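Hello,

Here is the structure we talked about. Please have a look at it, then read my notes below.

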Amino acid sequence: MNSSVAERLRAVYVESRQSLYTYAVSITRQREAAEDAIHRAFQQLLRHDTLPADLRPYVFRCVRNAALDDLRRTKVRTDSIFVDTFASDQGTTESGTFSAAELARWLDQLSPDERETIVLKTYEALTLQEIADMRGVPGPTVASWYRRGLAKLKTLMAREIG
Amino acid sequence: MNDPEDILRGAPLAAPSSALEQRIQSAFAEAAQARRKASPPPIWRWVGGCAAAGIAAAVVLVVTRTGTSRPSGDTKPASIQCEIGAPEPLRALLLESPAHERTPPRFFVTVSTP
């Protein structure tokens with residue numbers, strides 16, 4: 001590892017700490033495991049001598065791989081990406097109010113691919129093509145996961161609102 | 001605001017713990033320490049090493065040269081002088097007599113003894 005690798009990684013970490021954590025929790029659904037995954041990913045990244053020019057998606061991919069490794073080991077998954085103290089009034093919309101637990105429950109009902117795509121699109125502001133590149137899958141597949149996930153969420157929300 | 005994305009975006013997210021921050025900082029520190037250990041010696045060490053090797057080689061050469069035995073006394077080889085001459089005038093012999101009458105000119109060589 002050389003010093004420029006460390007500097008670049010530090011810059012990505014500082015800039016994307018929250019995003020990486022949200023993304024990792026959305027995969028592991030366990031906060032401790034998400035932190036372990038981020039830590040492991042950075043330990044591995046710091047051993048590299050060179051890094052790709054477009055580093056941010058690469059770091060996300062490494063964190064994803066580490067999170068998936070963890071997912072294979074641990075079975076019980078309960079944590080959500082939202083704060084625990086998120087009260088229902090904070091989620092007020094024109095049509096109703098939603099608590100963190102409800103939002104988390106709805107996200108849990110999506111497939112892992114749908115959930116991951118929606119989290120990346122919503123919180124990391126990645127385009128569908130960027131997500132496809134990061135995941136190494138065709139763009140239309142990601143678009144399909146995204147559309148299906150949003151449709152499921154809309155149905156769940158509509159059912160909740162009544 | 002019925003869009004699920006807007007609803008999700010409006011919800012506050014859980015933040016990473018300070019423990020993660022500390023773990024990442026230690027990972028960076030460990031990597032920096034490993035880098036320092038593995039890094040090649042600075043350039044002045046290479047220069048110093050080369051200079052020391054050069055000086056050692058020069059000393060060995062000087063010692064070897066002074067240690068070899070030489071013949072005692074004057075080491076300059078004795079000079080030998082050679083003198084080549086003719087007892088009769090060469091011009092008259094070579095140019096002023098017809099070729100068929102010509103007898104090979106006589107020369108003498110004198111070599112000094114050291």
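Predicted model: local features only at pLDDT ≥ 70, side-chain atom pairs only at ≥ 80, totals over all residues.

Residues are numbered from 1 along each chain as its sequence is written, while chains are lettered from A and ligands numbered from 1 in the order in which they are written.

Start with α2(B), residues 18-38. Helices are DSSP runs of H or I, at least four residues, numbered from the N terminus. Leu20(B), Ile24(B), Ala27(B) and Ala31(B) are buried there (20 or more other C-beta atoms within 10 Å of the residue's own, with C-beta atoms placed from the backbone; exposed means 12 or fewer). The buried residues of α2(B) fall within an arc of 55° seen down the axis, so they line one face (the arc is that of the directions from the helix axis to the C-beta atoms). The face turned away carries exposed residues, including Gln22(B), Glu30(B) and Lys37(B).

Next, the contact between the chains. It takes 24 residues from chain B and 34 residues from chain A (C-beta atoms, placed from the backbone, within 7 Å). On the chain B side, α2(B) gives the largest share, 9 residues.

Last, the largest nonpolar core has 48 residues (buried Ala, Val, Leu, Ile, Met, Phe, Trp, Tyr and Cys joined through C-beta atoms within 7 Å). Its largest share, 8 residues, comes from α1(A). Ala37(A) is among the residues that touch the most other members. Ala37(A) touches Ala24(A) and Val63(A), among others.

Best wishes

Note on methods:
Helix = DSSP H or I, 4+ residues; strand = E, 2+ residues; numbered from the N terminus. Expected span 1.5 Å × (residues − 1). Contact = placed C-beta atoms within 7 Å. Lists of a residue's contacts leave out its neighbours within four places in sequence.
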